Amino acid sequence: MGMARIHRWASIVVVLIAVGAPAQAAAKKQAKRHALTTRHKHVMLERHVAATRGGQPNVQALAAVVLDEGGRPVYAKNPGKEIFARNPDKERPIASISKLAATLAVVDKGLELEGLSTINKSDIEVAKGGARSRLLEGMTLSNRDLLHAALMGSDNRAIPALGRAVKMTPPQLTAAMNAKARQLGLKNTRFHEPTGLSTANVSTPRETIAMLKQVIAHPVLGPITRRAEYEAHPVGKPPIKYINTDHQAARGNVQVLGGKTGYNDDARYCLVVATKIDGRSYYMSFLGNEGKLTRFGDVARVADWIVSHPAKAGTAPAPAKAQPAAEETVATAPAAPPVPLPVGVAAPPPETPTASATP
């Protein structure tokens with residue numbers, strides 16, 4: 001009788017262990033997922049920051065410059081007047097902002113816009129490690145569509161395909177991009193490869209604006225950067241709808257006239273953009289933002305400062321002296337009442353693997 005009771009309890013223990021094991025495994029898996037989410041929380045969430053700091057727009061980028069072009073066309077060759085600067089000539093990785101130089105290089109080679117190019121394995125290899133592409137192997141598109149995919153959708157596979165369309169290998173395209181930078185007098189801009197995946201692709205806030213000016217002034221590329229949406233039509237496939245990656249910079253008092261975003265692990269979140277605010281044209285470049293939406297928040301903070309300080313923005317003889325970037329968790333008392341900004345929302349997590357170049 002005693003042995004039967006022992007066997008019965010042993011059976012119960014075995015059943016409990018069998019039932020509890022999956023639950024323990026699930027709990028461990030959930031804890032690991034939580035740890036990963038927590039580790040990247042600073043990238044995935046945007047926090048409220050004060051609109052101004054020390055009487056200036058509270059720009060969060062590590063390197064930035066804002067140029068007032070006045071009433072001149074946004075593609076005017078004359079340099080604008082600095083109204084804000086923080087490390088404007090410091091070299092930093094620029095990620096997919098590199099595509100400005102890549103597209104300039106291919107159109108310089110006489111790109112046939114209505115010519116067709118097919119995405120192949122070499123394009124996929126060049127873009128390996130980057131953001132998820134909507135240009136699949138074997139897909140055939142016009143070169144015009146590929147330009148839109150590169151500048152609006154920031155698709156890495158579009159760049160080597162465009163290079164191939166003008167008979168340039170990726171190294172040859174990279175060399176052409178560096179030659180273009182020298183032609184434009186950009187002394188601190190260098191490219192290691194054509195897409196922006198490499199952290200050795202570097203420039204400065206001031207020089208990214210010079211590249212954007214060239215793109216906006218181009219009769220083919222300029223209209224592409226101004227588009228908000230575009231449908232590409234691969235041969236025999238459903239259309240691909242692109243929404244410009246810079247569209248979130250637009251708001252009530254900001255009209256976007258063209259721009260380019262970028263991201264990789266070293267560059268962080270970047271943006272160079274041409275805008276119209278209160279009837280005046282402004283170029284802005286923000287490199288090294290920690291939040292996906294913070295770069296657009298920087299545009300909003302600068303725009304609100306311009307609107308609330310028209311005399312300083314329009315006639316200041318010298319650039320605003322930037323204060324060191326504030327931690328986003330610290331709300332420093334501003335010199336003027338800040339205008340509430342929609343920058344404290346949760347940003348979606350980046351859909352790219354580590355070390356990828358994305359919008």
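Helix α6 is largely enclosed by the rest of the structure, because six of its eight residues are buried. Here a residue is called buried if its relative accessible area is under 20%, exposed if over 50%, and partly exposed in between, with a 1.4 Å probe and protein chains only. Helices (H or I, at least four residues) and strands (E, at least two) are DSSP runs, numbered from the N terminus.

The model is predicted: local features need pLDDT of at least 70, side-chain atom pairs count only at pLDDT 80 or more, and totals for chains, interfaces and linings use all residues. Residues are numbered from 1 along each chain as its sequence is written, and side-chain values use heavy atoms, with hydrogens and water left out.

## The chain as a whole

The protein chain contains eleven helices and 13 strands. Of its 359 residues, 51% count as buried. The chain exposes about 16,900 Å², of which carbon and sulfur atoms supply 59%; accessible areas come from the Shrake-Rupley method with a 1.4 Å probe, and for residues only the protein chains shown count as cover. A contact means heavy atoms within 4.5 Å. Among contacts between residues at least 6 apart in sequence, 70% join residues at least 24 apart.

## Helix α6 and its surroundings

The buried residues of α6 are Ala 158, Ile 159, Pro 160, Ala 161, Leu 162 and Gly 163. They pack against α3 (99–108), β6 (116–118), α4 (121–126), α5 and α7.

A residue with positive phi is found in the loop on either side of this helix. Ser 154 belongs to the loop between α5 (143–151) and α6 (158–165), and its phi is about 55° although it is not a glycine. Lys 167 is placed in the loop between α6 and α7; its phi, near 60°, is likewise positive in a residue other than glycine. As to accessibility, Ser 154 is buried, with a relative accessible area of 3%, whereas Lys 167 is exposed, with 75%.

Thr 174 is part of helix α7 (residues 170–183). A polar atom of the Thr 174 side chain lies 2.8 Å from the backbone oxygen of Pro 170. This distance falls within the limit for a polar contact, a pair of N or O atoms within 3.5 Å; within protein, one must be able to donate a hydrogen and the other to accept it, and residues adjacent in sequence count only if both atoms are side-chain atoms. If neighbours within four places in sequence are left aside, Thr 174 is in contact with Phe 191, His 192, Glu 193 and Pro 194.

Thr 199 occupies the loop between α7 and β8 (202–203). Not counting residues up to four places away in sequence, Thr 199 touches Pro 93, Asn 264 and Asp 266. Thr 199 and Arg 92 are 107 residues apart in sequence, yet their C-alpha atoms are 8.6 Å apart in space.

| Residue | Relative accessibility | Class |
|---|---|---|
| Thr 174 | 6% | buried |
| Thr 199 | 37% | partly exposed |
| Ile 216 | 3% | buried |

## Paired strands

Two strands pair if DSSP finds at least two bridges between them. Strand β3 (residues 63–70) and β4 run antiparallel and are joined by five bridges. Within this pair, Val 66 stands opposite Phe 84 in β4. Strand β4 (residues 81–86) is mostly covered, with five of its six residues buried.

Strand β11 (residues 255–264) is also mostly covered: nine of its ten residues are buried. It pairs with strand β12 (residues 268–277) in the antiparallel sense over nine bridges, and a hairpin of three residues joins β11 to β12. Gly 258 stands opposite Ala 274 in β12. In a regular strand the side chains alternate between the two faces of the sheet.

Ile 216, in helix α8 (residues 205–217), is 42 residues from Gly 258 in sequence and 6.8 Å from it in space, C-alpha to C-alpha.

## A charge over a ring

Arg 134 lies over the face of Tyr 242, at 5.2 Å from the ring centre. A charge sits over a ring if NZ of Lys or CZ of Arg is within 6 Å of the ring centre and within 35 degrees of the ring normal.
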